[in-house]
Amino acid sequence: MLMELCDGSRSWSDVVASLGKRWPVDTVTAFMSRLVMEAVLVEAGELWARWSEVAQLPQQHATVATEAKIAALPARAQSRLLPGEGLWAEAVRSRKNALAVTLDKRESFRTFTDEALSQEALCSILWAAHGVTRAPATAGVPWHRTSGSGGNMHSARWFVAVLRALPLEAHGGTALPPGVYEARFHQLGGVSLKRVPGHAQDAWRCLRDPRVLRYASALLLPVYDIAIPAQKYGNRATLFALIEAGQCLQNAQLMATSLGAASVLRGDTSAEETLALAGLDRRGAACWVPVPGMVVGARPSVDQRARQAADDHLRVSRSMQAPGSGGFAFAAFAPAPQLAGSGRAASAPEAMTKAEAEAWERLGWATPSRVFEARVTELESPLQPQHIVAYSPRQYASGGFAFKPFVARRAYLWGEALDTESGRSHAVLADCLHALDSLPSKHRRYAYTNASTSGVAAGIRFEDALMRATLELIERDAFVCSWLTGAAPACVEPDSLPREAQRRIAGLRSEGLDITVLDLANAWCPVLAVFGQSHSLPFTAITAAAAFSPEHALRKALDEAEGRFGHARHFPAAQPGDNAMRAIERYYRDARTYRRSDFFAQAALSTRFRSVGRGCAHNWDALQSRLRAEGLRLYAADITPQGAAADQGRTPLHIVRAFVPGLVPIWFHRGTQPQGMPKFNRSASARGGRPGGHFFHPFT
């Protein structure tokens, strides 16, 4: 009956009256009001207003044109301009008019210098957006504002995420700390900022691409309650809100320009994240509509702007996280070739830098630029590929094995790696350096191996990148050698873990992910693994990390576990035909096979966290000395692609692949475990029987 009456032709009172003939009017009114709060019912005259959030991010959308076509679209507007000069006032033409001067200087800035605006500048920009200008000129108008509003209702509220401490210029006052504020406008002009609950860093969740916030001072977020003007204007209230927002933001940008500040309007605001930052609730009577926002900051230098403009290789987005995990997660994408990196951290800028760095690692791996063709007999001192990775005669003899034995008389592609101790250059097989798909097809036909990204790392300095790459090799070696034994490593007793780790693990368990922390003890540095399993999804994953302190190793391993679980919670399992990494994911998200690796977490032994890493190297110099003492040489290959940088192009990156011949490399394709390596066979022999058994591990 309700559905029949609510057909858009009857008013609220008509529907209540009709239903009131059968049920009590108060009950009908309460029921219908509840349906309105749940967005099931809406007044026809307010339909656009109530559903305007469909135009907000995130939303389903498709890019119609290619990137090349999109880049050419502004030329259409340029082509409509007429040559020469048209008619305008002399004061405007000569720039003697103050507004003309400001308009002449107005431009969008997508980066800022690493300094703060003053509180006075921020409040002046906000005043220009929506402040009071003067006393009333006519009866019935209590004030005049800097912008017009339909029916003079001014239903906007302005929230500000202050991203860095803002100094107070007047009288040496106290700096305004980072935080979330609401702008309060005064009857005699000016603005004060009222602190509201929330964290300034959550502004990084409000933009689809938040890199512009890296050096910014503040993000301005206007939010309109269109339920108020909708009482008079109905659906037009949404249109009026957008018009008003455009006026306000233009005023704000012009004021920023006149003050020598920099700004940019952003239309990629996420509706739900903006409302969460502002502490506003959609369930009340108000109908909140976030509109485009504005980022403000100190004016950048010419060089800083040039670096940002050139930093156009990657696209970014927010990444899915495990519920309750906290912190930030971002993904960075390279459109060609299609590669992605992810980063997680408690700090938003750090998480973004990690995502960009990992994307550049994958680009270095997938874009060989310094390779040459030669036979091994033509090289002075090549690294023998069998020392990096080796397969057994049984594997080569099996049908369908992906790789071919190394043949000395055959011409291969090679790159260069340096012996870090002697500084001597050695040729290294390109198959061991780069993704096999990135090499020419004629070389792929007789591929010796297919290098993964294990042992590839980014760093601000070459030595930093080499250190991270080496730690990753040690982490993977520790895991596979433990996995090959078929027995569980020692479990780290949960009550001995650092408090922060216990809190994170408790949060994951509350969401259905069982966690076991394992000590992958080795003689070089602390290595910890996290075994995570959810029976409700189903889902199993193993992550690990090596570091110079157990605390750092555990943090990194938990970061990876949270990311894996978050992805599994939000995305379906991979489908047949996907790449090897996705095949592993599919296997360990299948109800029939997700428990095949349970042995790894069924530890017979336990240890206290304070015992992890005892006797290991706890700095980079000590680790290198340990490796040399055991006869293991460390080689470094520079695979930095052109343009590699983070932080809007201001932090150049080095991408390095490390080699430690003798360590066991990890494998991700079924049947491609390096059974020709002595250490592999020593580890596998501990489980009895021939090597090869169940080696489809859940480590990715």
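In the predicted model, Gln-648 is located in the loop that joins strand 25 to strand 26, and its backbone adopts a positive phi, near 60°, even though the residue is not a glycine. With a relative accessibility of 6%, Gln-648 falls under the 20% cut-off and therefore counts as buried.

The loop between strand 25 (645-646) and strand 26 (651-652) also holds Asp-647, for which phi is again positive, at about 55°, in a residue other than glycine. The relative accessibility of Asp-647 is 9%, so this residue, too, is classed as buried.

Pro-538 itself is placed in the loop between strand 21, spanning residues 527-534, and strand 22, spanning residues 539-546.

With regard to the overall organisation, the chain is divided into domain 1 (1-41), domain 2 (99-310), domain 3 (320-366) and domain 4 (486-632). For domain 3 and domain 4, the separation between the C-alpha centres amounts to 19 Å.

How values were computed: Residues numbered from 1 in each chain as written. Predicted model: local features only at pLDDT ≥ 70, side-chain atom pairs only at ≥ 80, totals over all residues. Heavy atoms only, no water. Domains from an automatic or database assignment. Helix = DSSP H or I, 4+ residues; strand = E, 2+ residues; numbered from the N terminus. Buried < 20%, exposed > 50% of the residue type's maximum accessible area, 1.4 Å probe, protein only.
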